[in-house]
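Welcome! Below is a short tour of a protein structure, written for someone meeting it for the first time. Please take a look at the sequence and the model, then read on.

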Amino acid sequence: QVQVVESGGGLVQAGGSLRLSCAASGSIFSLNFMGWHRQAPGKQRELVASITSGGRLTYADSVKGRFTISRDNAKNVAYLQMNSLKPEDTAVYYCNADVSRVSEGPFFRYWGQGTQVTVSS
């Protein structure tokens, strides 16, 4: 089994910062893509930022210059540093980890349970 656990959400005023963490654990042989997604009430889930094991980064246009994704490959942990937060960043933030459990095996996507981020104006 593979577990993905997010932490670090909370309530912050506009302009403030939060740092989210995503830890993958369990039966992991290889971990490639890790991504942060968010879903606001009444809206579809969207990819906010992603990072591969090789360090390739992607960001949604709405967060470029404000959010930074990073990871510690040795610990199977990804981080999302969120600065200059805006009320429209309010959402449940989900982490995913694409994991292979055996050598040369297929990758499967695992999700965390989500962490709430609320930005007050």
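A residue is called buried under 20% relative accessible area, exposed over 50%, and partly exposed in between, using a 1.4 Å probe and protein chains only. At 41% relative accessibility, Ser 84 therefore counts as partly exposed.

This is a predicted model, in which local features need pLDDT of at least 70 and side-chain atom pairs count only at pLDDT 80 or more, while totals for chains, interfaces and linings use all residues. Residues are numbered from 1 along each chain as its sequence is written, and side-chain values use heavy atoms, with hydrogens and water left out.

**Strands and sheet**

Helices (H or I, at least four residues) and strands (E, at least two) are DSSP runs numbered from the N terminus. Two strands pair if DSSP finds at least two bridges between them. Strands of a sheet pair through backbone hydrogen bonds, either parallel or antiparallel.

Here, four strands make an open sheet in the order E1-E3-E8-E7, with antiparallel pairing. E1 and E7 are the edge strands, each pairing on one side only. From one strand to the next, the twist averages 15°; for such angles, axes are lines fitted to C-alpha atoms (for helices over the stretch in contact), and angles run from 0 to 180 degrees between N-to-C directions.

Six bridges join E1 and E3 in the antiparallel sense. In a regular strand the side chains alternate between the two faces of the sheet.

Elsewhere, E4 and E5 run antiparallel and are joined by five bridges. E5 also pairs with strand E6 (residues 57-59), again in the antiparallel sense, over three bridges. The table gives some of the residues that face each other across these pairings.

| Residue | Opposite residue | Strand of the opposite residue |
|---|---|---|
| Val 5 | Ala 23 | E3 |
| Ser 7 | Ser 21 | E3 |
| Ser 50 | Thr 58 | E6 |

Leu 57 is placed in strand E6. With a relative accessible area of 42%, Leu 57 is partly exposed. Leu 57 and Phe 33 are 24 residues apart in sequence, and their C-alpha atoms are 9.8 Å apart in space.

**Turns and loops**

Most residues other than glycine have a negative phi, and most peptide bonds are trans. Two glycines with a positive phi sit in hairpins. Gly 42, with phi near 80°, belongs to the hairpin of E4 and E5, which has six residues between the strands. Gly 55, with phi near 95°, belongs to the hairpin of E5 and E6, which has five residues between the strands.

Which residues have a positive phi although they are not glycine? Ser 84 is one of them, with a phi of about 50°, and its place is in the loop between E8 and E9. Glu 104 is another, with a phi of about 60°. Glu 104 lies in the loop between E9 and strand E10 (107-111) and, at 82% relative accessibility, counts as exposed.

**The core and the disulfide**

A nonpolar core is a set of buried Ala, Val, Leu, Ile, Met, Phe, Trp, Tyr and Cys residues joined through side-chain atoms within 4.5 Å. The largest one has 30 residues, and Met 34, Trp 36, Phe 67, Leu 80, Met 82 and Tyr 93 touch the most other members. Among the elements that give two or more residues to this core are strand E4 (30-39), strand E8 (77-82) and strand E9 (91-100). E9 gives the largest share, five residues.

A disulfide is counted when a pair of cysteine sulfur atoms lies within 2.5 Å. The whole structure has one: Cys 22 and Cys 95, with their sulfur atoms 1.9 Å apart. The torsion about their S-S bond is about -75°, so the disulfide is left-handed. Because Cys 22 lies in strand E3 and Cys 95 in strand E9, the pair ties together parts that are 73 residues apart in sequence. Both Cys 22 and Cys 95 are buried.

**Charges over rings**

A charge sits over a ring if NZ of Lys or CZ of Arg is within 6 Å of the ring centre and within 35 degrees of the ring normal. The charged end of Arg 19 sits over the ring of Tyr 79, 4.0 Å from its centre. The charged end of Arg 45 sits over the ring of Tyr 94, 3.8 Å from its centre.
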